[in-house]
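Trainee: I am new to this structure and would like to go through its charged contacts. Could we look at it together?
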Amino acid sequence: MNIFENENETNYKPLAEKMRPNSLEEFFGQEELVGNNQGIRKMIETDTISSMIFWGPPGVGKTTLAKIIAKETKSSFQELSAVTSGIKEIKDLIEIAKYNKTNGRKTIVFVDEIHRFNKAQQDAFLPYVENGTIILIGATTENPSFEVNSALLSRAKVYVLKSLKEEELEKILKRALEKNDDYEDINIEEEAITLIAKISNGDARTALNTLENVINITKPIKGKKTITTQSLEKIIGSKTFLYDKNGEEHYNLISALHKSMRNSDPDAALYYLARMLEAGENPLYIARRLIRFASEDIGLANTNALTQAIAAYEASHYLGMPECNLNLSQAVVYLSVSPKSNALYTGYAKASQDARRTLNVKVPLHLRNAVTKLDESLGYGEGYKYAHEFEGNITSMQCLPDELKKEKYYFPTNNGNEKNVKTILEQIEKIKKGNKN
């Protein structure tokens, strides 16, 4: 049976499935993998397919590419879902592959969401990958270095599939409109196609599902369905979908959020947070910015700020939108009302400037470890003072290179907890001076 034929023509198929490409010529995106003279295309053309893992976000063509590889190499295509399959299904599939092998036909086993298989299930493939009974193609949205066991990973090459570009999604949508006989009476504005591509976040399945849903609920007028940008906005929700996560407004809003928190204005900060979340911004992006803010604008003035920001990131990761909006709100307000200090930011900036200027300066000999006898003969570690043997566990030993021995980078403020840090540093300086005598 041809895997690209409709197994049951009476069953409904969603547009995304109907428009699944049958060949590399119909496949959009991933040019660095399947373009002319690129790795996977060369393997297909020379019929030298080996086991591989496709790593990438949803809707970028992982399953489709596996099916195309099987079709182009005339291999048997056997598909497993790691969500619903277990050891029994794997064994049954291996028996099919053994039969194919005795008849001179290769078997490609495609495992969707392979990261969901446990170690025992993944290990079940190993002997059959090694002896050539099967060619394994796994698909995962998670980093395979962490989610696929090392034994299996060492026998498969990892290929990274990227989110589709807007222009690639537009081509996919136009192909669907042109190739589908049911859409002959559809009139859709070019700008509406662009909008669907924009809000699909690089996911072809989402783009096609959106197009199909919009067409299905659009009422025909005089036998024709007309879809404009304005009608599309009403159908999919609101103009918030026009928010461009890579555009100017994206950066304007995150800048406004950051500066509102810096100015200790929780009301403005909450407003800009809501603007971004309601427009569809990735909450993890905002959470990462809060983590940066906690050190850049607060630092040691409130050491709990970083803890709050990281907790907000973890909560956003576990819950997702819309539930994580309050976790982010909590962090935004906390950071807004915290005492502020940019001492870490300015200190590192000055230190990095000096570091770039003195890249060839050697580490002082007394701070080096004498690992070998040669090191000892060169004076490594000579003159080093072990802090725990001195009063207050502090020595007067110079740690900066001679070229920078008078430099200071960290200047604590009088804000919040940093006032205490300032006092501690002053005490450290007194002890150092006392230990010189």
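Mentor: The side chains of Arg 262 and Asp 297 meet in a salt bridge, at 2.6 Å from N to O. A salt bridge here is a side-chain nitrogen of Lys or Arg within 4 Å of a carboxyl oxygen of Asp or Glu.

Trainee: Where do Arg 262 and Asp 297 lie in the chain?
Mentor: Arg 262 is in helix α14 (residues 248-262) and Asp 297 in helix α16 (residues 283-298), so the pair links distant parts of the chain, 35 residues apart. Helices (H or I, at least four residues) and strands (E, at least two) are DSSP runs, numbered from the N terminus.

Trainee: Is Asp 297 buried or exposed?
Mentor: Asp 297 is buried, with a relative accessible area of 6%, whereas Arg 262 is partly exposed at 36%. Buried means under 20% relative accessible area, exposed over 50%, and partly exposed in between (1.4 Å probe, protein chains only).

Trainee: Which residues are linked with them in a network of salt bridges?
Mentor: The network links Arg 262, Arg 292, Glu 296 and Asp 297.

Trainee: How many salt bridges does the structure hold?
Mentor: It holds 19 salt bridges. One of them joins the side chains of Asp 47 and Lys 106, at 3.1 Å from N to O.

Trainee: What should I know about the model itself?
Mentor: This is a predicted model: local features need pLDDT of at least 70, side-chain atom pairs count only at pLDDT 80 or more, and totals for chains, interfaces and linings use all residues. Residues are numbered from 1 along each chain as its sequence is written, and side-chain values use heavy atoms, with hydrogens and water left out.
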